[in-house]
Amino acid sequence: MYSSVVVCSSSNSIVEFLSLNQLDIEKNITMNTEPNFCDCLCSVLMSRRNKRKRKRMAEKLTDIELTGIILEETKPRTLGGDPSSVLLQEDDIETGRGTLRVAVQGDRSKAAIITYHDIGLNHVTNFQGFFSYGDMQPILRHFCVYHINAPGQHDGALPLMQSTEPHDDPAMPLVKGADKRYHFPSMDELSEMILPVLQFYGIKHFIGFGMGAGANILTRFALNHPEKVDALALVNCTASVSGWTEWGWQKLNTWYLKSGSMTGFTEDYLLWHWFGQKTVDQNYDLVRMYRDTMKHINPHNLALFIESYTKRTALAVHRDLPKLGVKSTPGKNTGARALDCDVLLMAGDNSPHLDAMVDMNSRIDPSKTSWMKISDCGGMPLEEAPEKVCDAFRLFLQGLGYVPFMSQTKIMESRSAASRASLLGAGGGGRGSITGTTHQTPVVQEQEAEC
């Protein structure tokens, strides 16, 4: 319905249209022969039509712009999360070669999992995020995790004191301001320091979980004490000695670290060592978080650990294959030692240690080895792809006879429910808000097997 008054100046008359519909107006236009009158009436109709069109467009834009959504500031990614979410008991254990700080997570009456960290990391920065992941909680009900920190590598550690006996070996690192040289344990000695930890907690056998230098240490212990190791889960494990390139970079790192500060050169190298160049270039949030964690490591103590890792000897582990026409028993050939336990090897597709892991896989009995290369992942799959590592570790444990009644269907259903809840929630989570420590996934209920 239209109601308008049109003034035609040419005819000096006022034509009034009240409550006329579109057909009546078009009929009056055709009957009137004055061009000015038609132009005036058409302009009125067009202006009303444009006004209605602008109103409808404004309503649509209001819906498109989502003005009803309340924006919230994104919280920075952290490793600590809620301090009450992870309960840890920390103990300082004296050994013949130094003091180890061990953090215990879980019920000590359960089966034991022992972790060992990489250079530049400790149990918080290397494992706390992964073992606080939501999908790991049903697994941890059956285990107690013992996180071992190498001497002087925990947060807030004081500089390691010099030895009470002088050493004449010039290769041993000299403590700044002291006349005596401090003998930091070698890789073999660090592996033997695990024995006092087992005695302290009364652990008879365990499952090892190590990364980088820690994986190398756990492998050495498994070779020397096979009766105490049920299985190994190794990430970025290197079986060979350090090459000339690694030796040169690490020599510069230890020289800078012994000056008492963490330089940008050392930070860049450690980030590459942990993640690889692709992750460093793309995952700014993760890289920034780990740059902040470097401030809590004692530089001098880290230099001693790096020096020990650089001087490592090759792992005397080989795949003992029988020769043609000769009957051979694995582990009995001259000069060969084999791992008697099952091993899970993991590395990211873009890890800088991928070739070393392929070499490690070629040295172990294939019947006892599970090799997993994680796609779209750098050198730290525990932080970059925890859901894939969790699934692989769960299946590995089930192959050993642990947690046999855990249902993968229930885990997938709970993970889908958590994703839907995060999308519908106002605060919204997503992967970026949970990669720090605790993934807010509902606890998965175990399903008993039906006979």
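These notes go through selected features of a predicted model.

1. Start with α3. Nine of the nine residues of this helix are buried, so α3 is largely enclosed by the rest of the structure. The buried residues include His123, Thr125, Asn126 and Gln128. They also include Val124, Phe127, Gly129, Phe130 and Phe131.

2. **Helix α3, N-terminal end.** Asn122 caps this end of α3. A side-chain oxygen of Asn122 lies 3.0 Å from the backbone nitrogen of Val124. Val124 itself is among the buried residues of the helix.

3. **Aromatic pairs, and one that spans the sequence.** The count of aromatic pairs comes to 20. Take Phe127 and Phe209. Their ring centres are 5.9 Å apart and their planes stand at 90°, so the pair is edge-to-face. Phe127 belongs to helix α3 (residues 123-131) and Phe209 to strand β7 (residues 206-211), so the pair ties together parts that are 82 residues apart in sequence. Both Phe127 and Phe209 are buried.

4. An α-helix has 3.6 residues a turn, so residues three or four places apart point the same way.

5. **An aromatic cluster and a charge over a ring.** Ring pairs link Trp249, Trp255, Tyr256, Phe265, Tyr269 and Trp272 into a cluster. Another ring to check is that of Tyr309. The charged end of Arg312 sits over the Tyr309 ring, 4.3 Å from its centre.

6. **Asn298, a loop residue.** Asn298 sits in the loop between α11 (284-293) and α12 (299-310). Is Asn298 buried or exposed? It counts as buried because its relative accessible area is 12%, under the 20% cut-off. Its side chain makes polar contacts with the backbone. A polar atom of that side chain lies 3.1 Å from the backbone nitrogen of His300. The Asn298 side chain also reaches the backbone nitrogen of Asn301, at 3.2 Å. Beyond its neighbours within four places in sequence, Asn298 contacts Gly152, Ala157, Leu158 and Pro159.

7. **Leu344, a strand residue.** Leu344 lies in strand β9 (residues 342-348). Leu344 is buried, with a relative accessible area of 4%. Which residues does Leu344 touch, not counting those up to four places away in sequence? The answer is Leu232, Ala233, Leu234, Ser370, Ala392, Phe393 and Phe396. Take Ser370 from that list. Leu344 and Ser370 are 26 residues apart in sequence, yet 4.8 Å apart in space, C-alpha to C-alpha.

8. **Cysteines.** How many disulfides are there? The count is zero. A disulfide is a covalent bond between the sulfur atoms of two cysteines. Cys377 is buried, with a relative accessible area of 1%. Cys390 counts as buried because its relative accessibility is 3%, under the 20% cut-off.

Notes. Residues numbered from 1 in each chain as written. Predicted model: local features only at pLDDT ≥ 70, side-chain atom pairs only at ≥ 80, totals over all residues. Heavy atoms only, no water. Helix = DSSP H or I, 4+ residues; strand = E, 2+ residues; numbered from the N terminus. Buried < 20%, exposed > 50% of the residue type's maximum accessible area, 1.4 Å probe, protein only. Polar contact = N/O pair within 3.5 Å; in protein donor to acceptor, adjacent residues only side chain to side chain. Contact = heavy atoms within 4.5 Å. Phe/Tyr/Trp six-rings, centres within 6.5 Å; stacked < 30°, edge-to-face > 60°. Lys NZ or Arg CZ within 6 Å of the ring centre and 35° of its normal. Disulfide = S-S within 2.5 Å.
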